[in-house]
Amino acid sequence: MFNASDSEQPEQAGAAKDTAHPIIPSALWGHALAGGLLVMAGYVVAYLIQFDWLLGNWSTPYVLMVVVAVMVMVLLTVRREEGGLAFGRAFGLAFLAGWLARMGYNLFLLVFFQILRPDLVDAYADLVLGKSMEAFAAFGLDGGMPAEIGGMSMEELIRDQAVWSISPGGQAVDALTGMLWVAIVALVVAAILRRPAESDGFKG
């Protein structure tokens, strides 16, 4: 005997499938790519202005600003499309988008020093050494630093560390350790933007 409810079940299952949301929305990839390109563009402009600006005080606030902007754009877009966001999903999407955008910094250093201008590696190491000595002096540590560590002078250690930091291995470690502060920022952004989309602005 034909039952009308039997014919409705496949339709309901199909409708539920159509409304299912992807685990990683397409908007995330686009915003993360744009953020990564913005980070790279910032460092390109800094290099074109002055080589020393690669280690300028602008870099950390700039990268942080781009990462936060990418997280916010991704969560707002997803929340508008899905009608709301659970905290866990909001954190996961914000973390992934922010970390991918932050990778623009690592990609710039790898492409610049490993492919485009490997001749500037020594100049970069000297720049890091100079900045480090300035920081030691500012904190009054220049006179109290050991002359040698493990048979190497402090200057040699700083230069070697600087050269390693812009190598593929050094940038891989930096990308992994960068997950920590990206996760902290993602927690804050997710906590703010996890509320339902209906709470945005006025309804009229």
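**A helix and its contacts**

Author: Leu 75 touches Leu 85, Ala 90, Leu 93, Ala 94, Val 189, Ala 190 and Leu 193, leaving aside residues up to four places away in sequence; contact means heavy atoms within 4.5 Å. This is a predicted model, in which local features need pLDDT of at least 70 and side-chain atom pairs count only at pLDDT 80 or more, while totals for chains, interfaces and linings use all residues. Residues are numbered from 1 along each chain as its sequence is written, and side-chain values use heavy atoms, with hydrogens and water left out.

The part to look at is α7 (168-193); helices here are DSSP runs of H or I with at least four residues, numbered from the N terminus. Its 26 residues should span 38 Å at 1.5 Å a residue, and the end C-alpha atoms of α7 are 35 Å apart, which agrees. The expected span is 1.5 Å times one less than the number of residues. A kink of about 30° in α7 is centred on Leu 180, the bend being the angle between axes fitted to the seven residues ending there and the seven starting there.

The buried residues of α7 include Gly 170, Gly 178, Val 189, Ala 190 and Leu 193, where buried means under 20% relative accessible area with a 1.4 Å probe, protein chains only. The buried residues of α7 pack against α3, α4 and α6.

Ser 167 lies in the loop between α6 (154-165) and α7. Ser 167 is buried, with a relative accessible area of 17%, and touches Leu 110 and Gln 114, not counting residues up to four places away in sequence.

Note on methods. Helix = DSSP H or I, 4+ residues; strand = E, 2+ residues; numbered from the N terminus. Buried < 20%, exposed > 50% of the residue type's maximum accessible area, 1.4 Å probe, protein only.
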